[in-house]
Amino acid sequence: MHTLKPSYKEKIRKAAKLLLNSKSAIVLTGAGISTESGIPDFRGDDGIWKKYPIETFGTLESLLKDPSKFWKMAEEIAPNLFNAKPNTGHYAIAELEKMNIVKSIITQNVDELHQKAGAVLVYEVHGNINRYSCLGCRASYTKQQVLNKLKKEKNSPPLCDVCAAPLKPSVVLFGESLPKFEIYYSQDVAKKSDVMLIVGSSLSVAPVCDLPLYTLREGGKLIIINDEPTLLDSKAEVVIHNKIGTILPLIVEELKRLMEESHSDTKS
Ligand code: APR
């Protein structure tokens, strides 16, 4: 911890204590946890929506209006997403789950990096980039099938084998509903959690940005790690403005130290 300012060390200690004393801690992640894996976020300095405006590329309406435009963006973004590897932030969260500190991981990300880091209880509220479906008959396709199609048929957008309608990645676009189970479950665990650890989200997109409010309303506490301020900073118990890949492993390290400390205290 020596390269960090004392104020950070204090906050890391406080976050670790909160997590250690929690009974039902959950994690909420956004695109910021994957930038250190080479995937751009949406609203940060090099955010996707700065290059591809939401209204032209990010809505269901825009996809239906011009599928080839949407797929041009998708083909530019996809290689980064497919080749990315988990970073120290993802591994730290997987470790918190293994330690039975974290009970659920709610993610707005579609990159599967939590699972690749070994986490299991991951709820993808904005879908997943590895599944695709037909906008016409809802036939479903794997990532490999779509990649093969793009290579072989040289058609962008790729078209359904059954009805020739364009395909769509199973990610939630603006104007679409969120997957029912995932969002109901997330609301339920947010209400029951005594600590919500929020990492790498601008907390600007509903309904996910409301989840921390469920936790607060029931008396739970928030820990926010983000390199820029969020709208909920003033309501959080601990706010750390720094890199996730640096801070999360330090929280895990501190947690282990505290656990050892209390273990040796009970022995003596
Ligand atoms: N460490 C800490 N914070 C970071 C890092 C990092 N390494 N990298 C980026 N951030 C911060 C950014 O400064 C920004 O505040 O993470 C935040 C990411 O916010 P958004 O880009 O808005 O991403 P997110 O909150 O996940 O967006 C929600 O918007 O368009 C939709 O569906 C998309 O799921 C996405 C949703």
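Which residues point one way from β1, and which point the other way? Ala25, Val27 and Thr29 point to one side of β1, while Ile26 and Leu28 point to the other, and all are buried. Buried here means under 20% relative accessible area, exposed means over 50%, and partly exposed lies in between (1.4 Å probe, protein chains only). This is a predicted model, in which local features need pLDDT of at least 70 and side-chain atom pairs count only at pLDDT 80 or more, while totals for chains, interfaces and linings use all residues. Residues are numbered from 1 along each chain as its sequence is written, and side-chain values use heavy atoms, with hydrogens and water left out.

**The sheet**

- Helices (H or I, at least four residues) and strands (E, at least two) are DSSP runs, numbered from the N terminus.
- Six strands make up an open sheet with parallel pairing, in the order β3-β2-β1-β7-β8-β9.
- The edges are β3 (122-124) and β9 (238-240); each has a single partner strand, so one side of each has no neighbour in the sheet.
- On average, neighbouring strands of this sheet are turned by 15 degrees against each other, direction ignored.
- Two strands count as paired if DSSP finds at least two bridges between them.

**Strand β1 and its surroundings**

- Five of the five residues of β1 are buried, so β1 is largely enclosed by the rest of the structure.
- β1 (residues 25-29) pairs with β7 (residues 195-199) in the parallel sense over four bridges.
- β1 and β2 also run parallel, and five bridges join them.
- Isoleucine 26 has methionine 196 as its bridge partner in β7 and serine 104 as its bridge partner in β2.
- Leucine 28 stands opposite isoleucine 198 in β7.
- Helix α6 (residues 88-98) lies across β1, β2 (102-107) and β7, and runs at about 145 degrees to β2.
- Such angles run from 0 to 180 degrees between N-to-C directions, with axes that are lines fitted to C-alpha atoms, for helices over the stretch in contact.

**Histidine 114**

- Histidine 114 is found in helix α7 (residues 113-116) and is buried, with a relative accessible area of 2%.
- Leaving aside neighbours within four places in sequence, histidine 114 is in contact (heavy atoms within 4.5 Å) with residues including Thr29, His90, Ile105 and Val122.
- Histidine 114 and alanine 92 are 22 residues apart along the chain, and their C-alpha atoms are separated by 9.8 Å.

**Two domains**

- The chain is divided into domain 1 (1-39 + 86-126 + 177-268) and domain 2 (43-83 + 131-171), with bounds that come from an automatic or database domain assignment.
- The C-alpha centres of domain 1 and domain 2 lie 30 Å apart.
- Ten residues of domain 1 are in contact with seven residues of domain 2.
- Between them, domain 1 and domain 2 bury about 640 Å², 52% of it on carbon and sulfur atoms.
- Buried area is the accessible area (1.4 Å probe) that two parts lose on being put together, summed over both.

**Cysteines**

- A disulfide is taken as a pair of cysteine sulfur atoms within 2.5 Å, and by this rule the count is zero.
- Cysteine 134 is in no disulfide, and the nearest cysteine sulfur, that of cysteine 163, is 3.4 Å away.
- Cysteine 134 is buried at a relative accessible area of 0%, and cysteine 209 is buried at 17%.
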